[in-house]
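Here are some comments to read alongside the model, beginning with a term that the later points rely on. Please keep the structure in view while going through them.

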Amino acid sequence: YLTATGRVVWPDGRPATGVTVGSSDSDWGIPKHSTTADDGSFCLAGLPRWGAGLFAWTPDGVSARVSLDGFGAGGGAGDPGPVELVLQPARSVRGRVLMEADDPASGALEVLAVLADRRWATQELWPGEGSCARAKVDPDGSFSIGGLASGEYQVQAVWGNLVRSAPVTIEIIAGDAEGLSLAVPPLIPE
C-alpha cells in the first residue's frame with residue numbers, strides 16, 4: 001500500500017486549511033479521506049498501489065485532483081513524494097436539449113455529465129469531487145450543470161435511468177462549456 005502526503009494550496013500559493021482530501025481506488029472503491037492542517041498538509045495511508053487518485057474539495061465547489069497511477073504501478077517499493085494539489089474553481093456546462101413538445105419525459109429530463117475515465121459512475125465518490133453531476137432540464141430545454149472539475153466529460157440526457165440521447169464528449173480546460181446541444185429522439189418511434 002501507499003501513503004500519500006502533500007499539501008493543498010489556493011492558486012496564489014496560500015495553504016488551504018480545513019479542506020477535505022479524499023481517495024478511492026478504481027477497483028474496490030474504498031474511500032479514504034482526511035482534512036488539511038493549518039499549513040494545508042495532509043496524509044492518507046493505506047492507498048492501493050494501482051488505480052488510486054487524490055481529490056481535494058471545499059463545500060463551495062473548488063476542487064483539485066491528481067492521479068497516483070504512476071506510483072507503485074511498476075512494483076516500486078517507495079511511497080510517492082509529497083503531492084501538491086492546487087484548488088481550482090468549479091466549472092459548468094450549459095446548453096439545450098432538443099426534443100418533441102409532446103414527449104412524455106418533458107419536465108422530467110435531466111442531463112448527466114460524467115468524467116470520461118469514470119463512464120460507469122452515476123454519482124460522485126465525494127461531494128464536490130467534480131467527476132459526475134446531474135441537473136434538471138428547464139421547460140424551455142435549457143440546462144446548466146455546475147460543480148465540475150476540469151477534464152473530459154461525457155454528457156447525455158437521461159430520464160430516470162433511461163439514456164435518451166447519444167453521449168457527447170466535451171473537454172473543460174479553463175472556463176465553462178457553453179452552447180452544447182443534445183438531441184432526444186422520440187420515446188416511441190413514429
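1. A residue is called buried under 20% relative accessible area and exposed over 50%, and partly exposed in between. Arg-134, at 35% relative accessibility, therefore counts as partly exposed.

2. Please bear in mind that this is a predicted model. The protein has zero helices and 15 strands, and of its 190 residues 44% count as buried. Among the contacts with a separation of 6 or more, 60% are accounted for by residues 24 or more positions apart.

3. The accessible surface of the protein comes to about 9,700 Å², and carbon and sulfur atoms hold 55% of that surface.

4. The whole structure contains six salt bridges, one of which joins the side chains of Arg-134 and Glu-110 at 3.1 Å, N to O. This pair links distant parts of the chain, with Arg-134 in strand S10 and Glu-110 in strand S9, 24 residues apart. Glu-110 is buried, with a relative accessible area of 18%.

5. The side chains of Glu-178 and Arg-94 meet at 2.8 Å, N to O, and here Glu-178 sits in strand S15, 84 residues apart from Arg-94.

Methods
Residues are numbered from 1 along each chain as its sequence is written. This is a predicted model: local features need pLDDT of at least 70, side-chain atom pairs count only at pLDDT 80 or more; totals for chains, interfaces and linings use all residues. Side-chain values use heavy atoms; hydrogens and water are left out. Helices (H or I, at least four residues) and strands (E, at least two) are DSSP runs, numbered from the N terminus. Buried means under 20% relative accessible area, exposed over 50%, partly exposed in between (1.4 Å probe, protein chains only). Contact means heavy atoms within 4.5 Å. Accessible areas come from the Shrake-Rupley method with a 1.4 Å probe; for residues, only the protein chains shown count as cover. A salt bridge is a side-chain nitrogen of Lys or Arg within 4 Å of a carboxyl oxygen of Asp or Glu.
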